[in-house]
Amino acid sequence: MPRMPGRRTLPASAAWSWRGVRSGGSWAGAGRLAWGVVRLPTAWAILLLIALAPLTGSRLAGATSDEVVLTYHFNRDVRPILSENCFSCHGPDASKRKAHLALNDRASATSLLGSGVHAIVPGEPQASELLRRICTTDAADHMPPEETGHHLTPSQIAILRTWILEGARYEEHWSYVAPHAVTPPRLPPGAAPPAIIDAFIADRLKAEGLQPSPPADAVTLVRRLSFDLTGLPPSTEDVDSFSNDHSADAYEHLVDRFLASPQYGERMAVGWLDLVRYADSVGYHSDNARNVTPYRDWVIAAFNSNLPFDEFTREQLAGDLLPDPTLAQKVATTYNRLLMTTEEVGAQAAEYEAKSAADRVRNLASVWLGSTMKCCECHDHKYDPFSTRDFYNLEAFFADIQEPAIGPRETGMAVPTPEQAVKLSELDRSIATLQTVLDTTTPLIRLQQAMLGAALAPLKPLVYGPWYRIGPFRAPTFHAAFATAFDPEQAVALGAPRSDGLAWTAEPSWSDNDVHQLPGGDLCATYLYRTIQSNAVQQLHLSLGSDDSLTVWVNGRLALSHEIGRDCVPGSDTLDVTLAAGINRLLLKIGNASGGYAVYCKGSSAAPHDILLIAAKAAPSPAESERFAAYVRSIAPSLAAARGQMRILQAKRTALLDGMEHTLITQGGPPRVVHVKVRGNWMEDAGPPCEPLVPHFLAQICAAGRPTRLDLANWLVAPGNPLVARVTINRLWKQFFGVGLVKTMDDFGTQGDTPSNQALLDWLAVDFTSHGWDMKRSIRNMLLSNTYRQSSLAGELAVRDPDNRLVARQSRFRLDAEFVRDTALSISGLLVDRIGGPSVKPYQPEGYWTLLNFPPREWVNDQGEDAYRRGLYTFWQRTLLHPSLLAFDAPSREECTVERARSNTPQQALVLLNDPTYVEAARCFAEEMIRQGGDTDVDRISWGYRRALSRLPSGEELAIHLRLLDAHRALYMDSPDSAVAVSRIGQHPTPSDIDVRELAAWTSVARVILNLYDTISRN
């Protein structure tokens, strides 16, 4: 092996040895243990000698003496090794760090340890304790310790040795450094973005010795675009039009048309709703419904209108903090309310407050930062620089959100449709016009005001004594309880002793505005008594309610007698009585048939208390005069018609608001104090208080005063943020190419995947932000690239690059759950393309919700168009997700879902064959094949294939379907009742002009076509 300048080489036969510290499996303890010598076996010497071989080519031809071309780089080659094997004990988590050694930090890794050695000595692997420990055969010294289950491979050891030999150069983790766009040098200036994408891919493929795949055919392209941008299969007309258009810009026009489709927003919304854990139910305990559907519709509209992603971010996190927020911006803040909540009465408020706060931090980190911060709730991150303090500092941004920790959510803000908004505006104008009439003091009103003032002047406010209660008096029957004149009806003696053990009991805390429960039981009566003092003769209006019967006496005279069984509802009875000057006596009797019973009684005098006080004044203040005038207008006979019209308008307005959708929104207020919770324990809030701050190792927010959620949103989309644009672009790339440039969609940290093409990722991220965070533009550039238009046929690439990381081909994969259903409905002609509105309930097995309680609920299948809406409108019950969606891997959305699983199970085939949605779709599809497919079986099957798969069947496929058709014709001819049963699945009417047996046989053919992998797959 040639000698490298500045590098040592040793013969293979040399017996290498390093002096090190024996410390029982830890870097610590050198002060207590003797120095020893570890001799390296000859086999290791040979292995490490071989590892030095690449170093002969570490300086590229043409490089100057100052340009060092490294064999291995820290981020790409070294950090993954250390992160996997070492960081759990010697990484960012200071609380778990052993021997005070942090291998993620160069200063710590190269400093003198307490044991007197250096873990890493740059340029000198033989002096680096790290190398000695990972190479030793002494189990007590070996790193990583045996119990961790980690073992470095010889190639990994060789990488570390070479890296140390070349200077142990550290790099900041790639995702925490702001991206910089570098255009591939071989492209001319001003090259179009799609060409730049292709150039980056071509450079990577060339380095791997690969070639891109040939372009896909026209049919594949139109299907790919249709599924990718709308989540629906293309129509036959779409396929034919594109296939027959040979103009140079035909593909570009097709991309633009799909991007402009209203279904684009629905397609894009599904992934976002997974991220923000959108659901129609609260999640915990009873998992009751809540109002959030307008948020889903806002997301769809945001994608369709191409709302820039920076505004998309601001409006969700802090739309309520924008100047004069619009209705839509308020709806966007529903994002902050999408977390799981509980209505359990016995739940601990502090516990669920902690759960909610932590969930918001986790979701923010996953959605915008592509980072795993969940562990930071309890301790510093073991692999990334996020600290526990960072976690609770982020939590403090959301501390101003006003909501109950436990209990039912509020109804929320009304969100009108455009038509409802017009009607509401018209009503509000009419109400405002009428209110002007009611607020105007005309000469007639002034005259009535003077007359009323004179009439009320002598009166003083009534003085109500406390309530007294006695009972229950037992009776053999309910009628007897009502009719028997017990002794309180003869005389009320409050303090007199009684022989029956009963006594008058004062109830000083009773309010006239409340319903009061009475003690007793079945078949009994209770009396209530109070005094009312009046300085003059005047009228008293009583509003009453009782459970059950009610009798009323005023000054010993019977005023009301009502034998009835009922619940206590205020205002069930009303009564006007005349009070005498002086002390008046009011006696009530309530009879009870069974169970609990109650009473309500509220008195109103000639005028409200404050009006009587104003009328008695010789010179009331201007404010008091206006209050008196407003009262006169509220009772003036001359305005009775206007008041009646106002009641009608207000009732219409209330009915209109009740008919609107509502959504929970964010309302800010005084922020609660956030403390670091010790080990994440919600009962240990003794940690230091936290302020709203972003992670300490990233650029900080400069704000005057306490930073807000709006400051946080602005920081996320600031030009220097290294993560948000990359994370967002990576998700888009995954959607259109099958796998992200960073495969670990939720982890851009050290445990995550290294970008397969970082130069491309960074160029796309910079292009995204520098063009106004324009989502459609970035998507369009990806779709116009030749890379996107490649064939998905794998061939030998399936072995060379099974995950398609290099993008030498396109990807083929099953559609997501919602789009599987949408595809069947679209092919059958049943799909309703109405956008937005309340969530719907398509067919679901009876009894599926049996386990839902508090209260028990039953899923009622929707009728009419709502049964055929797109999958993203299905009611999302977190505890019991719709089984058809669940079968195709839709998430419960209890937590953020960055990437859905794609399983392939027999259960999915059974769903496609037997779920009423798919059977009904197949029946309607069969009807279309019979009506439109032609006169022969071959023509009809071919028509069905063109409708569902945009192609004709192969000879083998055609033969299989013909055999199936013949077999099922015979089956249903022999069993017409079975054919009738098939025709009755679903609510779509059975055609009267097609033989039900023939329709059932063709339904079997249609079921098979809808079950084909090609039907439910992209490409």
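The legends below describe close-up views of a predicted model.

Residues are numbered from 1 along each chain as its sequence is written, and side-chain values rest on heavy atoms, with hydrogens and water left out. Because the model is predicted, local features need pLDDT of at least 70 and side-chain atom pairs count only at pLDDT 80 or more, whereas totals for chains, interfaces and linings use all residues.

View 1. Most peptide bonds are trans. Pro472 belongs to strand 5, residues 467-474; strands are DSSP runs of E with at least two residues, and helices are DSSP runs of H or I with at least four, numbered from the N terminus. Asp548 is placed in the loop between strand 9 (538-547) and strand 10 (549-554).

**View 2. Positive phi at His285 and at Asp287.** Most residues other than glycine have a negative phi. His285 has a phi near 55° and lies in the loop between helix 11 (262-275) and helix 12 (293-304). Asp287, in the loop between helix 11 and helix 12, likewise has a phi near 55°. His285 is partly exposed, at 42% relative accessibility, while Asp287 is buried, at 0% (buried means under 20% relative accessible area, exposed over 50% and partly exposed in between, with a 1.4 Å probe and protein chains only).

**View 3. Packing of helix 30 against helix 31.** Helix 30 (residues 906-914) meets helix 31 (residues 916-932) at about 50°, and their axes are 5 Å apart; axes are lines fitted to C-alpha atoms over the stretch in contact, and angles run from 0 to 180 degrees between N-to-C directions. Helix 30 is therefore oblique to helix 31 (under 35 degrees is roughly parallel, over 145 roughly antiparallel, 65 to 115 roughly perpendicular and the rest oblique). Val911, Leu912, Leu913 and Asn914 of helix 30 touch Pro916, Tyr918 and Val919 of helix 31, where contact means heavy atoms within 4.5 Å. These residues comprise six nonpolar, one polar and no charged (Ala, Val, Leu, Ile, Met, Phe, Trp, Tyr, Cys and Pro are nonpolar, Asp, Glu, Lys and Arg charged, and the others, Gly among them, polar).

**View 4. Packing of helix 15 against helix 16.** The axes of helix 15 (residues 349-369) and helix 16 (residues 388-397) are 9 Å apart, at an angle of about 100°. Ala357, Ala358, Val361, Arg362 and Leu364 of helix 15 make the contact with Phe391, Leu394 and Glu395 of helix 16. Six of the contact residues are nonpolar, none polar and two charged.
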